Amino acid sequence: MKILHTADIHLGITTYGRIDPATGLNTRLQDFRRAFEFMVEQALAEDVDLFLFCGDAFRHPDPSPTEQTIFAECLQPLVERNIPIVLLVGNHDHPVTFGRASSIDIFRYLEGQARVFRRPEVATVPTKSGPLQLIALPWPVRSLLLTREAYRRKSAAEVREVIEQLYTEYVQKAVEQLDPSLPTVLAGHFSVQGAELSGSERTSLIAHEPKFTVGQLALPPIDYVALGHIHRHQNLNPDGIPVVYSSSIERVSFREADDPKGFVLVDIQTDGKRKQTRYRFVETPARRFVDLHVDARGNADPTESILKAIARTPVTDAIVRVRYQVDEDQLGRVDMRRIRKALHSAAHIAGIERLAGPVVRERRTVIHRDNSLREALTRYIDQHEQLHPLREQLIEAALALEARLEAERSPD
Ligand SMILES: [Mn+2]
């Protein structure tokens with residue numbers, strides 16, 4: 001049985017894009033669409049039995065009609081070939097307000113067989129190669145898993161523990177009921193301990209989320225654990241049942257410049273009671289990000305050093321950022337016009353910035369990760385005189401944002 005495993009499509013991310021006058025669409029939206037279309041073409045070429053999407057379809061829980069239409073259009077060739085589609089709700093798909101539809105609920109109405117999972121469920125998915133047993137574990141939402149009374153008196157950390165326990169027990173019970181001779185997949189959208197982030201995730205948020213161990217998920221007769229949420233492709237259990245993050249299909253940040261982006265083709269061979277799983281990662285034609293760093297300090301012609309660095313790098317069609325270091329007395333000798341000209345073939349110039357030298361950096365505020373937001377912001381404002389008149393408003397706005405993020409993470 002062949003499965004295409006993907007996640008974290010995040011349609012609607014438009015950072016480093018611009019409106020293409022020919023189509024009226026953001027260039028980044030077109031990049032994401034290209035990667036998505038490439039993936040579906042591969043699914044058809046490989047004649048897969050199932051298209052399995054493990055959450056985070058869009059950037060926001062409220063995608064635009066254009067974004068939803070593109071998502072549906074990209075899935076349409078699968079529908080036409082009668083390839084079943086399974087969609088899990090990720091944290092970015094989940095509405096903050098209880099009772100509202102998630103951003104992917106609408107795809108249930110795609111002609112054909114699209115199934116959307118928004119709460120834990122064990123399902124049998126019919127495919128042309130026979131039934132697949134599926135344990136679906138979408139993003140754990142407090143209000144879907146616990147009654148209000150059950151979590152009202154609990155701290156955030158306690159709620160997290162309860163959710164971890166619920167999911168873990170759910171998997172333990174599920175595997176006991178499954179037919180060990182059938183291909184079986186656990187599909188989830190959450191963090192697993194030990195996973196390496198890609199740089200497009202917010203580390204501070206992931207630290208407060210429910211987390212699972214490989215041992216809690218990789219239980220026989222499961223043949224493959226298909227994950228979404230963390231954007232870097234990896235197998236967390238190389239010596240046992242594969243526990244795999246597929247990777248996102250497009251880059252969103254310079255920290256992902258060197259990461260391949262793509263999806264996974266899984267093949268579960270069944271022969272009586274013996275089953276064997278193989279998988280391979282397939283790269284998508286994701287937009288290249290080029291992050292140039294030039295140290296031109298002490299150089300008589302800093303522009304020339306920057307131009308040389310650009311000439312050595314293939315910047316055509318890439319999203320490019322140039323950061324350079326120069327001394328104070330060289331500042332007047334950096335010719336932005338010539339640098340921009342050298343980058344004319346780039347898809348987008350994300351920035352040409354001077355990196356502050358160590359002298360400037362020493363005067364910067366030291367803010368530690370364990371500072372509260374209020375402490376960190378207070379220190380920052382202390383160091384920036386022009387912000388003093390706005391002190392109270394800034395702190396208030398920041399705390400409100402933090403509260404909103406907290407609510408999105410575990411909505412009531
Ligand atoms: Mn996610």
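1. The overall dimensions come first. A compact globule of 412 residues would have a radius of gyration near 22 Å, and the protein chain, in this predicted model, has 24 Å, which agrees with that expectation. Along the principal axes, the C-alpha atoms of the protein chain fill a box of roughly 75 × 55 × 40 Å. Of the 412 residues, 37% count as buried.

2. The secondary structure of the protein chain comes to twelve helices and 17 strands. Among contacts between residues at least 6 apart in sequence, 69% join residues that are at least 24 apart.

3. The domain assignment divides the protein chain into domain 1 (2–283), domain 2 (289–360) and domain 3 (365–409). The centres of domain 1 and domain 3, taken over C-alpha atoms, are separated by 34 Å.

4. Strand E1 (2–6) is mostly covered, since four of its five residues are buried. E1 is joined to strand E13 (262–271) by four bridges, and these two strands run antiparallel. Within this pairing, Lys-2 has Asp-267 of E13 as its bridge partner. E1 also pairs with strand E2 (residues 50–53), here in the parallel sense and again over four bridges, and Ile-3 stands opposite Leu-50 in E2.

5. Strands E15, E16 and E17 form an open sheet of three strands in the order E15-E16-E17, with parallel pairing. Its edge strands, each pairing on one side only, are strand E15 (289–295) and strand E17 (348–354). From one strand to the next the twist averages 10 degrees. Strands of a sheet pair through backbone hydrogen bonds, in either a parallel or an antiparallel manner. In this sheet, E15 and strand E16 (residues 319–325) run parallel and are joined by seven bridges. His-293 has Arg-323 in E16 as its bridge partner, while Leu-292 stands opposite Val-322 in E16.

6. Helix H8 (residues 302–311) lies across both E15 and E16, and runs at about 150 degrees to E15.

The peptide bond from Pro-220 to Pro-221 is cis, with omega near 5 degrees, and Pro-221 is found in the loop between helix H7 (214–217) and strand E10 (224–228).
His-10, although not a glycine, has a positive phi of about 50 degrees; its place is in the loop between strand E1 (2–6) and helix H1 (27–45). Is His-10 buried or exposed? There are 20 other C-beta atoms within 10 Å of His-10, and it is therefore buried, given that the cut-off for that class is 20 or more.
Ser-247 likewise has a positive value in a residue other than glycine, with phi near 95 degrees, and lies in the loop between strand E12 (243–245) and strand E13 (262–271). Ser-247 counts as buried because it has 28 C-beta neighbours inside 10 Å.

7. The last point concerns Glu-164, whose place is in helix H5 (residues 156–177). Glu-164 has 18 other C-beta atoms within 10 Å and is therefore partly exposed. Which residues does Glu-164 touch, not counting those up to four places away in sequence? They are Pro-210 and Phe-212. Lys-211 is 47 residues from Glu-164 in sequence, yet the two are 6.8 Å apart in space, taken from C-alpha to C-alpha.

Definitions and conventions
Residues are numbered from 1 along each chain as its sequence is written. This is a predicted model: local features need pLDDT of at least 70, side-chain atom pairs count only at pLDDT 80 or more; totals for chains, interfaces and linings use all residues. Domain bounds come from an automatic or database domain assignment. Two strands pair if DSSP finds at least two bridges between them. Axes are lines fitted to C-alpha atoms, for helices over the stretch in contact, and angles run from 0 to 180 degrees between N-to-C directions. Two residues are in contact if their C-beta atoms, placed from the backbone, lie within 7 Å. A residue is buried if 20 or more other C-beta atoms lie within 10 Å of its own, exposed if 12 or fewer, and partly exposed in between; C-beta atoms are placed from the backbone. The radius of gyration is taken over C-alpha atoms; the globule rule is 2.2 Å times the number of residues to the power 0.38.
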